[in-house]
Amino acid sequence: MAKTKVLERKPLSFAEKTFLPQIVTGLKTTFSSMLQKGVTLQYPEERPTIPDNYRGVPTLVKDPNGREKCVSCQLCEFVCPPKAIRITPGAIDAEAEPERAHVEKAPQEFDINMLRCIYCGLCQEVCPEEAIFLQDIFSLSGYSREEMINNKQKLYELGGTLPDKHFKWDKKKAAEATGNAH
Amino acid sequence: MEFLDASLPYIMPIVYAILMISVFMGLCSYSVLAERKVSSWIQGRVGPNRTRLPLIGHLPIVGNLMTGLGLFQPVADGLKFLFKEEIVPGHVNKGYYYLAPVVALAPALTTMVVLPFGRYVDAEGIIQPLVLANVDLGMLIILGISSLGVYGVVLAGWSSNSKYPFLGGVRASAQMISYELAMGLALLPVFMWSASPGYYNEAGIFVEGSRYGMSLFGVVQSQQAAWTILWQPLSALLFLVALFAETNRLPFDMAESETDLVGGFHTEYGCFKFGLFFVAEYAHIIMGSGIFVLLFLGGWNFLPWMADPWGTGILGSVLSVAWFMAKVFFMIFFFIWMRWTLPRFRYDQVMSLGWKVLLPLAVANLVFNTIIIALYDTLTR
Ligand code: SF4
Ligand code: SF4
């Protein structure tokens with residue numbers, strides 16, 4: 001067992017009983033802290049640095065070629081605990097995008113209701129295409145309920161392009177062409 | 001024209017009084033700003049820095065500077081108090097409830113009548129105080145009237161008809177009584193010294209008593225060499241502690257003490273009535289600072305042993321007022337500085353400090369000074 005050391009409490013000296021030296025010390029402390037620079041962040045103009053992997057507003061991202069990554073598998077919709085995500089799956093128009101026709105599916109509508117989202121990050125975790133990311137946006141506000149539902153266009157606006165190097169669907173296409181599909 | 005000349009002596013005092021009240025109220029609102037700013041600096045914050053008036057706030061550099069220092073904030077504060085919804089709780093005693101803030105503010109504004117704030121040299125070359133009413137024993141008026149302010153607090157506490165304000169009011173009255181005594185006793189030695197043992201008049205004849213009687217002006221003039229605080233530090237300390245208690249400032253703000261009494265005596269007050277209480281508190285602080293400067297810090301005397309470098313003209317008067325104000329500002333700053341340094345005393349500690357320490361010390365100080373003066377008088381003559 002650790003040995004406890006009982007500290008003797010010294011009786012207060014006369015100077016200490018008058019409080020005055022202590023008050024002077026206190027005044028010095030507060031004065032010196034007055035000369036220091038404030039720690040306030042002037043919020044709307046100055047923003048805090050957001051660490052990587054921060055779970056902010058969920059967004060949809062595009063691959064480095066600027067193509068939509070989501071294949072509307074609806075896993076995120078399924079996993080989302082508060083059911084904030086609503087996806088209307090759609091097909092990729094083979095005429096318009098022959099390059100990407102083999103991906104077959106893309107979301108027609110993709111809504112995330114930010115009044116429901118609890119920022120849990122499960123959608124990001126479950127997404128097989130790394131298409132949905134919770135990024136650094138932390139202050140979200142709106143004047144109406146409708147405004148708080150992020151539609152597909154808004155989601156891509158917020159998400160931008162992430163520099164990942166997988167190019168999964170390009171590789172898939174190349175493998176198909178060389179006869180080595182799997 | 002004749003009528004104007006005849007009525008001038010009646011009109012001018014009113015004009016002076018209105019001028020002084022406006023300056024004083026301006027000071028009050030800016031002390032509120034000072035409190036907010038200094039507290040934020042001490043706590044590493046920025047404080048009010050967003051309010052900007054149109055036009056003047058948009059001047060190139062000055063506008064930004066003024067906005068950053070929050071100089072427009074008092075306007076916004078005042079307007080906020082004016083335009084807020086006025087809520088009167090159903091359970092209050094209406095008449096007294098409305099009366100209380102006025103009773104709290106009026107004494108503080110009244111006392112400034114006898115507060116000299118500078119000096120001028122009149123046509124005969126005699127130094128005269130700049131003051132609304134140059135009365136002998138102005139200090140007595142100040143002591144008498146300023147402690148009436150506690151009635152505002154008590155009335156507020158009582159008429160609010162709820163527990164916490166009532167406790168605050170009771171505490172305030174008890175505290176005032178305890179510290180008023182020590183305050184008065186701490187003052188006496190100062191006046192005894194400034195009014196005695198006498199002076200040599202122009203003819204070189206020794207005259208007993210003071211040239212200026214016991215007026216505050218006389219106290220300042222008697223400090224041309226050493227300021228009172230230098231050779232009466234104990235009186236100064238006692239007076240300062242009592243002053244903190246009288247103005248209800250931390251560490252003695254028993255009547256408000258947010259932590260145990262919600263808001264103290266003004267818990268049930270809102271909007272402009274609360275604003276009046278707020279202004280009253282700062283009016284008391286300014287008055288207290290002014291009195292402390294007059295009594296202990298040499299008033300408008302420049303430095304110890306270097307009394308009056310100000311000239312005789314108008315510029316000299318302005319300089320003396322400015323120097324006096326500078327000292328008052330320092331004292332106001334000191335009040336604020338103290339508030340954000342010390343924690344609040346417990347109520348019983350406040351009481352025992354007042355009765356068991358301050359009062360005996362003040363009595364001892366008085367007796368000691370009386371003996372010294374008596375010895376000095378008998379030995380030097
Ligand atoms: S975001 Fe990911 S998980 Fe959600 S539907 Fe698109 S691909 Fe599937
Ligand atoms: S972060 Fe969580 S709650 Fe928000 S959309 Fe994704 S899965 Fe749903």
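Where in chain A is the place of C117(A)? In this predicted model, C117(A) sits in the loop between β3 (105-113) and α4 (122-126) of chain A; helices (H or I, at least four residues) and strands (E, at least two) are DSSP runs, numbered from the N terminus. Local features need pLDDT of at least 70, side-chain atom pairs count only at pLDDT 80 or more, and totals for chains, interfaces and linings use all residues. Residues are numbered from 1 along each chain as its sequence is written, chains are lettered from A and ligands numbered from 1 in the order in which they are written, and side-chain values use heavy atoms, without hydrogens and water.

**Annotated site**
- An unreviewed UniProt entry lists C80(A), C117(A), C120(A) and C123(A) under "binding site"; such annotations may be inferred rather than shown by experiment.
- These residues are spread over 44 residues of sequence but cluster in space, with a largest C-alpha distance of 10.4 Å.

- C117(A) is buried at 14% relative accessibility (buried: under 20% relative accessible area, 1.4 Å probe, protein chains only).
- Not counting residues up to four places away in sequence, C117(A) touches P58(A), P82(A) and A84(A) (contact: heavy atoms within 4.5 Å).
- C123(A) belongs to helix α4 of chain A and is buried, its relative accessible area being 9%.
- With the sequence neighbours up to four places away left out, the contacts of C123(A) are P58(A), C76(A), V79(A), I85(A), I132(A) and L134(A).

**Ligand 2**
- Residues around ligand 2 include C80(A), C117(A), C120(A) and C123(A) (a heavy atom within 4 Å).
- The shell around ligand 2 has eleven nonpolar residues, one polar and no charged (Ala, Val, Leu, Ile, Met, Phe, Trp, Tyr, Cys and Pro count as nonpolar, Asp, Glu, Lys and Arg as charged, the others, Gly among them, as polar).

Methods. Buried < 20%, exposed > 50% of the residue type's maximum accessible area, 1.4 Å probe, protein only.
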